[in-house]
Amino acid sequence: DCLARAVKLDPSLTEAWQCLAQCNWKKKDLSAARDCLQGALVKARTKGVLRDLSMLLRCIGKGTPEEVSNVRESLVLAKEAVTLDLNDPSSWCCVGNAHLAIFFNCSQDPEDLMKAIKAYNIAVSKGKTSPSPELLFNRGTVLKYLEEYQQAVDDLQRAERLDPSLSCGKDIECILDTLRRTQLALQTKGGMKEKKIKMLLTSLHTSPAEDIPGHERMEIRSLQPGSNPGRYIRTKVVGDICTSKDSVPLVYVVCDAPDSFIAVSIFNVLPGAVKVGDTLTVAAPFVRPISLFISNNEFAFTSLRIDRPSVLLLNRKPIDPQFISKSIQVRDFVS
């Protein structure tokens, strides 16, 4: 009530508008909070108000057509906040969070993840003190998504030391459990008997020779590190490494010959879409090494990373849209 009277008596009080917005936000009246922040910007476009409105817009309209436009506007506001003070780590962190939201809600372009990492790194370099636990959590989350597990675990461990309430230990254990299970599945061929594997592979050789027009079919053993443009592989799923309904990424073990196995990390697809025995066709497969050393445990193997469901065919058909996900946990806080 006091804040409402203050802005009514003097509408030029930008800080009062900002405080009133935060009060409404905490009461979950997001529409009123947005009105307050937009009113404050009319009086003065300060970096604090720009950041708050950027964060708020990412909370409004989730699951509706409005969400995409809000997320894009969020990035514009965050960038404007940076231009007002290039040395403010909070503004750079806000830019990183906005790029992360753009990736999951609009683009699914890994370039937006790289932009998020770049913004987070600048935020760390501009800080006069240690990075905030929220910043470390978000950077660790992006690094986990990029499968840079060593750096991801380092950030998550630091975040939990600074703020145990973030419960980063669960995220770290999830990474370790996935890597343990994946490495074991590769060593044991998904725990599947040789006879069963040969039976599954029979259909790969009896199907038509070409799945993707304009692409050359290759075997797993012939793939080169990095991207393989103009190529595709057709495989059989022999192992499901998904540890929970919240696993990111979904990890499977596939093969295209009795002695040729590789891990596959699939992002933006929900559990249940891919099953053992399915035929998985991957266009322009991206091959990369996976490694992590922690607490005397070492993990090292090769994996295919699939960022977009659009490069997949599951049993010779596109992934069902109901199994495509656009969610990730981002730590955004009212400043």
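What percentage of the contacts in the chain with a separation of 6 or more is accounted for by residues 24 or more positions apart? The share is 62%, where a contact means heavy atoms within 4.5 Å.

The structure is a predicted model, in which local features need pLDDT of at least 70 and side-chain atom pairs count only at pLDDT 80 or more, whereas totals for chains, interfaces and linings use all residues. Residues are numbered from 1 along each chain as its sequence is written, and side-chain values use heavy atoms, with hydrogens and water left out.

**Exercise 1. Describe the chain as a whole.**

Step 1. The chain has eleven helices and nine strands; these are DSSP runs numbered from the N terminus, helices (H or I) having at least four residues and strands (E) at least two.

Step 2. Of its 335 residues, 50% count as buried. Buried means under 20% relative accessible area, exposed over 50%, and partly exposed in between (1.4 Å probe, protein chains only).

**Exercise 2. Locate the nonpolar cores.**

Step 1. A nonpolar core is a set of buried Ala, Val, Leu, Ile, Met, Phe, Trp, Tyr and Cys residues joined through side-chain atoms within 4.5 Å. The largest one has 45 residues, and Leu53, Leu56, Leu113, Tyr120 and Val142 have the most contacts inside it.

Step 2. Two or more residues each come from helix H2 (14-26), H3, helix H4 (47-57), H5, helix H6 (89-107), helix H7 (110-126) and H8. H6 gives the most, with ten residues.

Step 3. Not counting residues up to four places away in sequence, tyrosine 120 touches Cys93, Gly96, Asn97, Leu100, Leu135, Asn138, Arg139 and Val142.

Step 4. There is also a second, separate core of 23 residues, which includes Ile266, Leu280, Ile306 and Ile319.

**Exercise 3. Determine which parts of the chain are joined by selected salt bridges.**

Step 1. The whole structure contains 14 salt bridges, each defined as a side-chain nitrogen of Lys or Arg within 4 Å of a carboxyl oxygen of Asp or Glu.

Step 2. Glutamate 66 and arginine 34 form one of them, at 3.3 Å from N to O. Glutamate 66 lies in helix H5 (residues 66-84) and arginine 34 in helix H3 (residues 30-43), so this pair ties together parts 32 residues apart in sequence. Glutamate 66 is partly exposed, at 33% relative accessible area.

Step 3. Glutamate 148 pairs with arginine 288, their closest N and O atoms being 3.5 Å apart. Glutamate 148 is in the loop between helix H8 (133-145) and helix H9 (149-162), while arginine 288 is in strand E7 (residues 286-294), 140 residues apart. Glutamate 148 is partly exposed at 30%, whereas arginine 288 is buried at 12% relative accessibility.

Step 4. Aspartate 259 and arginine 221 meet in a salt bridge of 2.8 Å, N to O. Aspartate 259 counts as exposed, at 58% relative accessibility, and arginine 221 as partly exposed, at 47%.
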